[in-house]
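Please read the following note with the sequence and the model side by side. Its points are numbered so that each may be checked in turn.

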Amino acid sequence: MDFSLEVIPLPVSDIDRARDFYRDKVGFHVDIDQEVMPGMRIVQLTPPGSGCSIALGDAIWEMARGPKPAPGSYQGLQLCVADIGAARAELVARGLDVSEPVRYAPDDGATFMYFTDPDGNGWAVQEYRRRATEPLHRVLADLAARER
């Protein structure tokens with residue numbers, strides 16, 4: 001049985017403000033923005049090239065077990081890019097306040113930059129240069145084929 005992580009609910013205080021931020025400043029695609037059942041509006045956004053989306057909506061938390069996370073309480077969400085310089089230039093051009101890249105080691109995958117959404121949810125952008133020639137979906141498909 002395959003289990004794929006495809007949607008992460010994200011706690012925000014203002015759905016419209018968050019949608020606009022992720023769409024306009026970060027460049028996510030708006031997949032869904034509708035009332036999916038009476039009183040339950042869902043906004044789902046996907047980063048370009050990603051198989052995982054974020055979902056915004058107040059009623060999401062009423063359906064989940066456990067405590068409702070506070071807006072801005074998520075930290076360590078991570079995006080991966082093949083070229084962090086080009087990614088930073090694109091994000092800055094969109095008006096996003098994103099840190100300068102920090103190289104923690106010379107290895108591929110050891111360079112990061114950071115930003116937060118209007119509520120304070122924290123994101124990292126990791127440079128993984130290998131993704132330019134080996135997109136994750138292809139790597140995973142090759143691994144799955146070898147296991148069969």
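**Notes on the predicted model**

1. Asp16 is partly exposed, because its relative accessible area is 36%; the classes are buried for under 20%, exposed for over 50%, and partly exposed in between, with a 1.4 Å probe and protein chains only. Asp16 forms a salt bridge with Arg19, and their closest N and O atoms are 3.3 Å apart. A salt bridge here is a side-chain nitrogen of Lys or Arg within 4 Å of a carboxyl oxygen of Asp or Glu. Both residues lie in helix H1, three residues apart, which is about one turn of the helix. Arg19 counts as buried, because its relative accessibility is 15%.

2. Residues are numbered from 1 along each chain as its sequence is written, and side-chain values use heavy atoms, with hydrogens and water left out. Helices (H or I, at least four residues) and strands (E, at least two) are DSSP runs, numbered from the N terminus.

3. The structure holds 12 salt bridges. Side chains of opposite charge can pair when their charged atoms come close. A network of salt bridges links Asp16, Arg19, Asp20, Arg23, Asp24, Asp33 and Arg41. Within it, Arg23 and Asp24 meet through their side chains at 2.7 Å, N to O. Arg23 is partly exposed at 32% relative accessibility, and Asp24 is partly exposed at 38%.

4. Another salt bridge joins Glu127 to Arg129, with the closest N and O atoms 3.3 Å apart. Is Glu127 buried or exposed? Glu127 counts as buried, since its relative accessibility is 7%. Arg129, at 36%, counts as partly exposed.

5. The largest nonpolar core has 24 residues, of which Tyr22, Leu56, Phe115 and Trp123 touch the most other members. Such a core is a set of buried Ala, Val, Leu, Ile, Met, Phe, Trp, Tyr and Cys residues joined through side-chain atoms within 4.5 Å. Elements giving two or more residues to this core include helix H1 (15–25), helix H3 (84–93), strand E7 (111–116) and strand E8 (122–127). H1 gives the most, with four residues. In soluble globular proteins, nonpolar side chains tend to be buried together.

6. Which residues does Trp123 touch? Leaving out residues up to four places away in sequence, its contacts (heavy atoms within 4.5 Å) include Leu10, Tyr22, Phe28, Ile54, Leu77 and Phe115.

7. Trp61 is placed in helix H2 (residues 60–63) and is buried, with a relative accessible area of 13%. Beyond its neighbours within four places in sequence, Trp61 is in contact with Pro9, Leu10, Pro11, Lys68, Pro69 and Tyr74.

8. Strand pairing requires that DSSP finds at least two bridges between two strands. Strand E2 (residues 29–37) and E3 run antiparallel and are joined by seven bridges; His29 has Thr46 in E3 as its bridge partner. These two strands form a hairpin with two residues between them, and Gly39 in the turn has a positive phi of about 80 degrees.

9. E3 also pairs with E4, in the antiparallel sense and over three bridges. Their hairpin has six residues between the strands, with Gly49 in the turn at a positive phi of about 85 degrees. Strand E1 (residues 7–9) pairs with E4 in the parallel sense over three bridges. Ala55 in E4 stands opposite Pro9 and also opposite Gln44. Both faces of E4 are covered: Ser53 and Ala55 on one side, and Ile54 and Leu56 on the other, are all buried.

10. An open sheet of mixed pairing is formed by four strands in the order E5-E8-E7-E6. E5 and E6 stand at the edges, each with a single partner strand, so one side of each has no neighbour in the sheet. E6 and E7 pair in the antiparallel sense over two bridges, and Arg103 has Thr111 in E7 as its bridge partner.

How values were computed: This is a predicted model: local features need pLDDT of at least 70, side-chain atom pairs count only at pLDDT 80 or more; totals for chains, interfaces and linings use all residues.
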